[in-house]
Amino acid sequence: MLADIAAWFITLFLINPLQAEAQEQLQRANASAQTVQQFRQCIASEGPRLIERAMNEPAWAIAAGTGLMIGWSSPLEYIDRNNENCASVVRLLQGGEGNTVES
């Protein structure tokens with residue numbers, strides 16, 4: 001039961017805002033289909049990792065969700081930039097160099 005609540009909390013306050021923010025910025029940047037696909041793969045791998053962390057570290061989940069709700073942090077801060085599908089998309093979404101995604 002607690003695990004389900006933690007998963008819901010992280011999905012609602014971290015993954016959903018990240019997806020919404022990213023989709024909006026990708027559309028605004030007129031991102032390529034490849035970039036959109038990279039973002040989907042990023043979320044597919046990062047979502048379960050974040051949910052697992054939230055279940056193992058409830059205090060982290062509460063702090064992360066609270067920070068996101070009140071605007072102290074950005075959903076992009078919780079994405080692993082070492083994940084090759086995430087790194088270039090995060091750079092693009094943060095206004096990184098060139099606003100292009102490398103293959």
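Modeller: Contact means heavy atoms within 4.5 Å. This is a predicted model, where local features need pLDDT of at least 70, side-chain atom pairs count only at pLDDT 80 or more, and totals for chains, interfaces and linings use all residues. Residues are numbered from 1 along each chain as its sequence is written, and side-chain values use heavy atoms, leaving out hydrogens and water.

Biologist: Which residues is Trp 60 in contact with, leaving aside neighbours within four places in sequence?

Modeller: Ile 10, Leu 14, Leu 50, Arg 53, Ala 54 and Tyr 78. Trp 60 is itself buried, at 13% relative accessible area (buried is under 20%, exposed over 50%, partly exposed in between; 1.4 Å probe, protein chains only).

Biologist: Which residues of the largest nonpolar core touch the most other members?

Modeller: Such a core joins buried Ala, Val, Leu, Ile, Met, Phe, Trp, Tyr and Cys through side-chain atoms within 4.5 Å. Here it has 28 residues, and Ile 10, Leu 14, Leu 50, Trp 60 and Tyr 78 touch the most other members. Helices H1 (2–28), H2 (33–56), H3 (58–69) and H4 (84–93) each supply at least two residues (helices are DSSP runs of H or I, at least four residues, numbered from the N terminus). H1 gives the largest share, nine residues.

Biologist: How is a pair of aromatic rings described?

Modeller: By the distance of the centres and the angle of the planes. Centres must lie within 6.5 Å; planes under 30 degrees apart are stacked, over 60 edge-to-face, the rest tilted. The whole structure holds one such pair. Trp 60 and Tyr 78 sit edge-to-face, 5.8 Å centre to centre with 75° between the planes. Trp 60 is in helix H3, and Tyr 78 is in the loop between H3 and H4, 18 residues apart. Tyr 78 is buried too, at 17% relative accessibility.

Biologist: How many salt bridges are there?

Modeller: Three, by the rule of a Lys or Arg side-chain nitrogen within 4 Å of an Asp or Glu carboxyl oxygen. Arg 28 and Glu 24 meet at 2.6 Å, N to O. They are four residues apart in H1, so about one helical turn separates them. Arg 28 is exposed at 59%, while Glu 24 is partly exposed at 48%. Arg 53 and Glu 57 also pair, with closest N and O atoms 3.4 Å apart.

Biologist: Which residue does Glu 46 meet in a salt bridge?

Modeller: Arg 49, at 2.6 Å, N to O. Both lie in H2, three residues apart. Glu 46 is buried at 3% relative accessibility, whereas Arg 49 is partly exposed at 32%.

How values were computed. Rings of Phe, Tyr and Trp (its six-membered ring) pair if their centres lie within 6.5 Å; planes under 30 degrees apart count as stacked, over 60 as edge-to-face and the rest as tilted.
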